[in-house]
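Have the model open as you read.

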Amino acid sequence: MNTTTGTTTASAPASRDTRGDRGARHLAGTGALLRLALRRDRVMLPVWVLVLGTMVVSGAGSIEALYGTAAERAEVASSMTANSSLRSMYGPVFGDSTGALVAWRFGVFAAVLAAVMSLVVVVRHTREEEETGRQELLSAAMVGRRAPLTAALLAALVGNTALTLVITAGLAGRGAGSALALGLAVGLTGMVFATTAAITAQLTEGARLAKGLAAAVLGAAFVLRAAGDAGSADGGSVLTWLSPVGWAENVRAFAGDRWWVLLLPVAAILVQGAAAYGLTGRRDIGMSFLPSRPGPAEGRLATARALAWRLQRGGLAGWTVGFLVAGLVFGGMVEGAADLVGDNERARAIFQRMGGAQAVSEAFLAALLGMFGMVASLYAVGSVLRLHGEETSQRAEPVLAGAVGRLRWAAGHLVVAFAGAVVLLFAAGLGMYLSYGRDFGAVMGAAAVQLPAVWLLGGVAVLLYGAAPKVAVAAWGVAGLSLAIGWIGPALDLPRAVLDLSPFGHLPKLPGADMAWPPVLVLLAGAALLVAAGLAGLRRRDLVTG
């Protein structure tokens, strides 16, 4: 009996040590993978952080320039709170200080964009690595099963921590504690969706679908918050509390600083993180819980164009629904634009820099459609770069090994990219018309006039992919810079030379302004030349193998 007891007692620590050693083996190589991830993201991550941080911090100056007195700030806070359409877009206003207006105007969008940054980083260093085969090579060395996921989440944590620090430092002069509360609300929202992406990366076989599922969750969270805020002026709707984006606004930075709300995203991060770690331990590298449906390339999949459509139709459908819903939401805000601006000439000037020197409602409508065009350019770039993903994952080789030329193969994806942009802008214009209720032709014309700029940025992606595939990802930077200039530039009253760096700055401001064909034709010609040059480069170069 004593011997048995002694044996049992001695074996228990050994069992615990074995579990500890097993846990350490699962995380082996995390540090090296984190350094590799940060090296690969050494441009993308700082750009995200600086652009988002600058957007929030610079907002304080633009709000002070617009509403310089306490009375003006109190008036705008009251008018925003009374307008349900504007509440659905930005959220309710919880205070009339400059800091509170910054948190209201930029907090929700900063949180959403931090979420986008985070899900891109996590999928890039997990599912995308498996999809291209690089993870299998790395795992042949001393790399633990959970090390890639841990490194990806730590890379996202580095980005969100840096963003939190930039926001806190930039707004500390208006209240260090409140600035930290706003920074944490944005950064923790980013980490919530980093762990969401960690789960979707385990569920799917493709990086594109993993990003799409995580983005769909983010879109649902935004819609829940918008619906809740449209019906409640104090952020207390059940729908708002069901959304992680709603948690960020309910921190109420610079308006009471409800620190306890931050426990909600922390809990979500822990729960989702545990789920992601559990899933990654139950599958093989390259496998998923939602495998792709196999089948022969017959009938509708017998051509390169049909294959491209099959690969991209899900993404296009998701984008189209998003644009239609956003158009319905934002179209209802057009009539409230005049009430929002009132007699404030500085606010009127910002709208007119964005949408043209016409009536405020028309300028506001033109500005919104311009924003839809900028976002549509992100779809076009991503759809074009699907070619790069097919090539680096070596799925293009079997297609090109048959009776399919490179140009014919690329044309299928380019048709989806460029025609898809038409569908998106039509959906946005239709949604805006349905909620705005008038001038169908003018609204659709204003949506259509965005296409030359969208196609030009798509052409940049084609050129980089065809001529210099190793730097093709820089097309995201070009599109992001255009979006940042168009979004932030008018509010900061940037010089005309800076605003003209974006192709959207050269478009006529429809509706309301006169149609100007020369810049439209120049942009169309530029897009055609870029596409032609990119396809010529694709014909001459070797295929990339990873």
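Helix 6 covers residues 98-124, and its 27 residues reach 37 Å from first C-alpha to last, close to the 39 Å expected at 1.5 Å a residue. (Helices are DSSP runs of H or I with at least four residues, numbered from the N terminus; the expected span is 1.5 Å times one less than the number of residues.) This is a predicted model, where local features need pLDDT of at least 70, side-chain atom pairs count only at pLDDT 80 or more, and totals for chains, interfaces and linings use all residues. Residues are numbered from 1 along each chain as its sequence is written, and side-chain values use heavy atoms, leaving out hydrogens and water.

Helix 6 isn't straight: at Phe106 there is a bend of about 45 degrees, the angle between axes fitted to the seven residues ending there and the seven starting there. Helix 6 is also mostly covered, with 23 of its 27 residues buried (under 20% relative accessible area, 1.4 Å probe, protein chains only).

| Residue | Phi | Relative accessibility |
|---|---|---|
| Phe254 | near 65 degrees | 13%, buried |
| Asp257 | about 50 degrees | 18%, buried |

Finally, helix 9 (residues 147-171) packs against helix 14 at an angle of about 150 degrees, with the axes 10 Å apart. That makes the two roughly antiparallel (over 145 degrees).

Note on methods. Axes are lines fitted to C-alpha atoms, for helices over the stretch in contact, and angles run from 0 to 180 degrees between N-to-C directions. Angles under 35 degrees count as roughly parallel, over 145 as roughly antiparallel, 65 to 115 as roughly perpendicular and the rest as oblique.
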